[in-house]
Amino acid sequence: WLLDTYEYRRSFIREGNGKEVRHIWENLDGTRGLQHTRSLSLPGGLSDRLFDVWITWEKVLDDDGRQIYAIAYAPMEEYGGTRHVIPTLPKGLKPGTSRGINLIKTCTDNTCVWIRA
């Protein structure tokens, strides 16, 4: 899975209004972990948020031999290694927090089960 594709980057630039922040740093400290920093405009009277998360994954085999991909994400503060900082941020962004685990289990060559926890 790729978060930093050319197509996604172009759509982000095209839809943005100059206030959005989106940066991805891959291979943190030589691992498969990555830092994903992104602003999110929220509706209504809610303040815009800046999410700065650490994402990592692992491939394991289930008891029946099927592949499972475990994708975990947590606030960057919980990662003990390198942390990239964006020097200038748009005004008005408040910190946001996100954490969770996604499990993707293959069923057949063309189907899978996706579980979000």
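Reader: In which loop does D29 lie?

Author: In this predicted model, D29 is a residue other than glycine whose phi is positive, near 55 degrees. As for its place in the chain, D29 lies in the loop between β1 and β2.

Reader: Does D29 count as buried, partly exposed or exposed?

Author: The relative accessibility of D29 is 46%. Buried residues have under 20% and exposed residues over 50%. Because its value falls in between, D29 counts as partly exposed.

Reader: Which class of accessibility applies to N27, buried or exposed?

Author: N27 is found in the loop between β1 (22-25) and β2. Its relative accessibility is 54%, and the cut-off for exposed is over 50%. N27 therefore counts as exposed.

Reader: What is the phi of N27?

Author: N27 is not a glycine.

Reader: Which elements give two or more residues to the lining of the second largest pocket?

Author: The lining of this pocket comprises 18 residues. Those nearest the centre of the pocket are L50, D52, E77, R83 and P95. The elements that contribute two or more residues to the lining are β2 (34-40), β3 (49-61) and β5 (94-96).

Reader: What volume does the second largest pocket have?

Author: A probe the size of a water molecule, rolled over the atoms, shows where empty space is left. For the second largest pocket, the volume is about 230 Å³.

Methods
Residues numbered from 1 in each chain as written. Predicted model: local features only at pLDDT ≥ 70, side-chain atom pairs only at ≥ 80, totals over all residues. Heavy atoms only, no water. 1 Å grid on protein atoms, 1.4 Å probe; cavity = no way out; pocket = protein on both sides within 12 Å on 5 of 7 lines; lining within 4 Å. Points joined across faces, edges and corners; volume = space filled by probe spheres on them. Helix = DSSP H or I, 4+ residues; strand = E, 2+ residues; numbered from the N terminus. Buried < 20%, exposed > 50% of the residue type's maximum accessible area, 1.4 Å probe, protein only.
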